[in-house]
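Here's a protein to walk through together, one spot at a time. Take a look at it first, and then we'll start with the ligand.

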Amino acid sequence: MRPIITAFAAAPDRGQGQARDMRVRWALEEAGQPYDVRLLSFAQMREPAHLAIQPFGQIPTYEDGAVALFETGAILLHIAERHRSLLPVDAVARARALSWMFAAINTVEPPIVEREMAELVERDKPWFDARLPALDAHVRKRIDALSASLDDAEWLAGAFSVADIMMVTVLRRLDGWNLLETCPNLMAYVARGEERPAFRRAFDAQYAVFLASGAR
Ligand SMILES: N[C@@H](CCC(=O)N[C@@H](CS)C(=O)NCC(=O)O)C(=O)O
């Protein structure tokens, strides 16, 4: 069975590829695995059929007949385990790549999401301007460490891997914040990811959903 993933019927980012289905689409494209997409409204995301797969009522999910998964870390790991090109074969190198994949979602993404949420729900609050520098500093601490670690390497763990799919999609969330600009190697890293044909196919597929929604 072709995998089916879920995605927003109307993504709040207006097709910029920042919703988390983008990382799943990209992994499937890298793997050469065709897939179908079930588009969900916010109301459908709260319905029992979706909650049975994603208990928090979020996207994306992944179903392939054998498994029904939520959480992009679990989904990308599952895809990578089925398509050897996405993780090193050597056990030690594989473990290192997985460390980076989890660092992307567990260490780098949280302060980025915290800042996004503040922009979204606290922008008009009296404390917002005072809070912003601390939020930025938390993000900067993470990206400075990442930048030092990546140094002049092309990818995080040797050859391109699922870790890079996760990290590049996480860093793309910084678009428009002028925080990556002091780390030229990370800007080049994100650009390298975005230049991959599989990234472009994934991006175009989710952008087509935005165009079809008529919400220009
Ligand atoms: N940790 C989850 C996060 C999923 C998530 O936050 N999805 C967002 C879209 S990118 C969502 O569904 N937001 C709507 C909501 O939380 O109600 C994962 O990595 O899959």
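Predicted model: local features only at pLDDT ≥ 70, side-chain atom pairs only at ≥ 80, totals over all residues.

Residues are numbered from 1 along each chain as its sequence is written, and side-chain values use heavy atoms, with hydrogens and water left out.

Now for the contacts themselves. In the side chain of Arg20, an N or O atom sits 2.9 Å from an oxygen atom of the ligand. Arg46 has a polar side-chain atom 3.0 Å from a ligand oxygen, and for the side chain of Gln58 the distance from an N or O atom to a ligand oxygen is 3.0 Å. On its own the ligand has 510 Å² of accessible area, and the protein covers 78% of that (areas come from the Shrake-Rupley method with a 1.4 Å probe).

Who else is around? The ligand's surroundings are Phe8, Ala19, Arg20, Met45, Arg46, Gln58, Ile59, Glu71 and Thr72, where being near means having a heavy atom within 4 Å. This shell splits into four nonpolar, two polar and three charged residues; Ala, Val, Leu, Ile, Met, Phe, Trp, Tyr, Cys and Pro count as nonpolar, Asp, Glu, Lys and Arg as charged, and the others, Gly among them, as polar.

Next, the rings. Searching the whole structure turns up nine aromatic pairs, meaning rings of Phe, Tyr and Trp (its six-membered ring) with centres within 6.5 Å; planes under 30 degrees apart are stacked, over 60 edge-to-face, and the rest tilted. One of them is the tilted pair of Phe8 and Phe42, at 5.1 Å centre to centre and 35° between the planes.

Finally, check the backbone. The peptide bond from Ile59 to Pro60 is cis, with omega near 5°. Asp151 isn't a glycine, yet its phi is positive, near 50°. Asn178, not a glycine either, has a positive phi of about 60°.

Technical notes
Polar contact = N/O pair within 3.5 Å; in protein donor to acceptor, adjacent residues only side chain to side chain.
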